[in-house]
Amino acid sequence: MARGPLRCKIGPSILNADLSQLYLESQRLLDNGADYLHLDVMDGHFVPNLTIGHPVVKCLRSKIKTAFFETHMMVSNPEKWIEPMADAGVNLYTFHIEPVKEIPKMCRLIREAGMKVGLALKPATGIEEVRQFIELADVVLIMTVEPGFGGQKFMNDMMPKVQWLRHNYPLLDIEVDGGVGLNTINACSEAGANMIVSGTAITNASNQRAVIASLRETVESSIHKCNV
Ligand code: DX5
Ligand code: ZN
């Protein structure tokens, strides 16, 4: 994949926001400085929880025309939802590699549908499982909690995976997700993550703008150190 200069991007997860007001909550996050929206899609099978699907994403897209949407597909059969999510206006389709037999084919189908490709790893999945597919991806997502629920404790022992990726792929978009907030952003940024998903730490904050700005400042200072 062609990789541009490394940039910090903050993508709030709306999972624990007030979903009865999904549009307003999403717009507020964007107005407060979010670079993209991380939309958690769960099927009650790959993970023990249910959230939103493509009909909801499509409605959200009809109200928010230009923002970058990532869907984090925590589903057993991610191939099934490629077309509906592309039709719903998704920009980045991030799927878990664990249930997928033909990862290159998935990457190709996602691209043919007009979306970028993200490869996600559960905590127990080693980096060697994804290694041979990194060139096919735009983003690698290292989960820092067991997928399924917001508000869990950050797993610091996932940082060696991020470090390994950054060391070997200096310009790769590396995303972290789960328990990331003001107390854990240092570990993420020092390890080399540049795409930061943060749910409860942002949506529960009284000053979302300040939290987003602070996360960004920490990541940008690490990116700067890498570049000098
Ligand atoms: C967990 C989801 C995450 C999560 C983030 O399965 O993929 O996106 O909701 O929420 P926090 O930041 O609260 O862990
Ligand atoms: Zn997520």
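Which residues have the most contacts inside the largest nonpolar core? In this predicted model, local features require pLDDT of at least 70 and side-chain atom pairs count only at pLDDT 80 or more, while totals for chains, interfaces and linings use all residues. Residues are numbered from 1 along each chain as its sequence is written, chains are lettered from A and ligands numbered from 1 in the order in which they are written, and side-chain values use heavy atoms, with hydrogens and water left out.

The residues with the most contacts inside the largest nonpolar core are Y93, F95 and L119, and this core has 66 residues. A nonpolar core is defined as a set of buried Ala, Val, Leu, Ile, Met, Phe, Trp, Tyr and Cys residues joined through side-chain atoms within 4.5 Å. Buried denotes under 20% relative accessible area, exposed over 50%, and partly exposed in between, with a 1.4 Å probe and protein chains only. Helix α8 (residues 208–227) supplies the largest share of the core, 5 residues. Helices (H or I, at least four residues) and strands (E, at least two) are DSSP runs numbered from the N terminus. With residues up to four places away in sequence not counted, L119 touches T94, F95, I97, I103, C107, V130, F133, A137, V139, V140 and L141; contact here means heavy atoms within 4.5 Å. In soluble globular proteins, nonpolar side chains tend to be buried together.

In helix α1 (residues 22–31), the buried residues are L22, E25, S26, L29 and L30. These buried residues line one face of α1, because they fall within an arc of 135° when seen down the helix axis. The arc is that of the directions from the helix axis to the C-beta atoms. Following α1 is G33, which has a positive phi, near 115°.

An unreviewed UniProt entry lists D40 and D177 under "active site". The two positions are spread over 138 residues of sequence but cluster in space, with a largest C-alpha distance of 10.6 Å. The feature "binding site", also from an unreviewed UniProt entry, is placed at H38, D40, H72 and D177. These positions are spread over 140 residues of sequence, and their largest C-alpha distance is 10.6 Å. UniProt positions are given in the numbering used here, feature names are shortened, and annotations may be inferred rather than shown by experiment.

D40 is located in strand β2 (residues 36–42) and is buried, with a relative accessible area of 5%. Residues up to four places away in sequence aside, D40 touches S13, L15, T51, I52, H72, M74 and D177. The side chains of D40 and H38 are joined by a polar contact of 2.9 Å. A polar contact is a pair of N or O atoms within 3.5 Å; within protein, one must be able to donate a hydrogen and the other to accept it, and residues adjacent in sequence count only if both atoms are side-chain atoms. D177 lies in strand β7 (residues 173–177) and counts as buried at 8% relative accessibility. The contacts of D177 beyond four places in sequence include H38, D40, H72 and L141. Between the side chains of D177 and H72 there is a polar contact of 3.2 Å.

Ligand 1 has 19 residues around it, of which G148, D177, G179, G199 and T200 come nearest; a residue is near a molecule or strand if one of its heavy atoms lies within 4 Å of it. An N or O atom in the side chain of H38 is 3.4 Å from an oxygen atom of ligand 1. Polar backbone atoms also approach ligand oxygen atoms, at 2.7 Å for G148 and at 2.8 Å for G179.

S198, in strand β8 (residues 195–198), is buried with a relative accessible area of 1%. The side chain of S198 reaches the backbone oxygen of V180 at 2.7 Å.

L109 belongs to helix α4 (residues 103–112) and is partly exposed, at 22% relative accessibility. Residues up to four places away in sequence not counted, L109 touches E79 and I82. L109 and T184 are 75 residues apart in sequence and 35 Å apart in space, C-alpha to C-alpha.
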